[in-house]
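This report walks through one protein model, from its aromatic side chains to its overall fold. Keep the sequence and the 3D view open while reading.

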Amino acid sequence: NLPKGAVQGRTDYGEAGFGGAAPPPGHGPHRYIFTVFAVDVERLDVTEDNSGAVFGFNLHFHTLAKASITATYENRG
């Protein structure tokens, strides 16, 4: 459950929300970068139907600070 007013954007899975780590078996480690942003507005002008490019465009003009962590996952099948 998301907090009121929260939006998850469309992903490479073609729908909104995080679908999990799913590299092909035997493909080696994949990197997953999680970034949180501090913004200067209460709400970005985006919807769950918007692409990552639209989210990025809005974040670019409203970011005060950000932090990232990179995780790796390998599906050994």
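## Aromatic pairs

Phe61 is exposed, with a relative accessible area of 53%. Here exposed means over 50% relative accessible area, buried means under 20%, and partly exposed lies in between (1.4 Å probe, protein chains only). The model is predicted: local features need pLDDT of at least 70, side-chain atom pairs count only at pLDDT 80 or more, and totals for chains, interfaces and linings use all residues. Residues are numbered from 1 along each chain as its sequence is written, and side-chain values use heavy atoms, with hydrogens and water left out.

How many aromatic pairs does the structure hold? There are two. Rings of Phe, Tyr and Trp (its six-membered ring) pair if their centres lie within 6.5 Å; planes under 30 degrees apart count as stacked, over 60 as edge-to-face, and the rest as tilted. Phe18 and Phe34 make an edge-to-face pair, because their ring planes stand at 65°, with centres 5.8 Å apart. This pair links distant parts of the chain. Phe18 sits in the segment before β1 and Phe34 in strand β1, 16 residues apart. Phe18 counts as exposed, at 58% relative accessibility. Phe34 is partly exposed, at 41%.

The rings of Phe57 and Phe61 also meet at 65°, so this pair is edge-to-face; the centres are 5.0 Å apart. Both residues lie in helix α1. They are four residues apart, about one turn of the helix. Phe57 is exposed, at 53% relative accessibility.

## Fold and overall shape

Helices (H or I, at least four residues) and strands (E, at least two) are DSSP runs, numbered from the N terminus. In chain order the elements run β-α-β.

What is the radius of gyration of the protein? It is 15 Å, whereas a compact globule of 77 residues would have a value near 11 Å. The radius is taken over C-alpha atoms, and the globule rule is 2.2 Å times the number of residues to the power 0.38. Along the principal axes, the C-alpha atoms fill a box of roughly 45 × 25 × 25 Å. Of the 77 residues, 16% count as buried.

Contact means heavy atoms within 4.5 Å. Among contacts between residues at least 6 apart in sequence, 65% join residues at least 24 apart.

## Ala65 and its neighbours

Ala65 belongs to strand β2, residues 63-73. Ala65 is partly exposed, with a relative accessible area of 41%. Leaving aside residues up to four places away in sequence, Ala65 touches Val36, Phe37 and Ala38. Ala38 is 27 residues from Ala65 in sequence, yet their C-alpha atoms are 5.1 Å apart.

## The largest pocket

The largest pocket holds about 1,200 Å³ of space. On a 1 Å grid over the protein atoms alone, a pocket is an open set of points where a 1.4 Å probe fits, with protein on both sides within 12 Å along at least five of seven lines. Lining residues have an atom within 4 Å of a point.

The lining has 30 residues, and Gln8, Gly9, Thr11, Thr35 and Phe55 lie nearest the pocket centre. Two elements give two or more residues each: β1 (30-39) and α1 (52-62). The largest share, seven residues, comes from β1. By class, the lining has 13 nonpolar, twelve polar and five charged residues. Ala, Val, Leu, Ile, Met, Phe, Trp, Tyr, Cys and Pro count as nonpolar, Asp, Glu, Lys and Arg as charged, and the others, Gly among them, as polar.

Notes:
Grid points are joined across faces, edges and corners, and a volume is the space filled by probe spheres set on the points.
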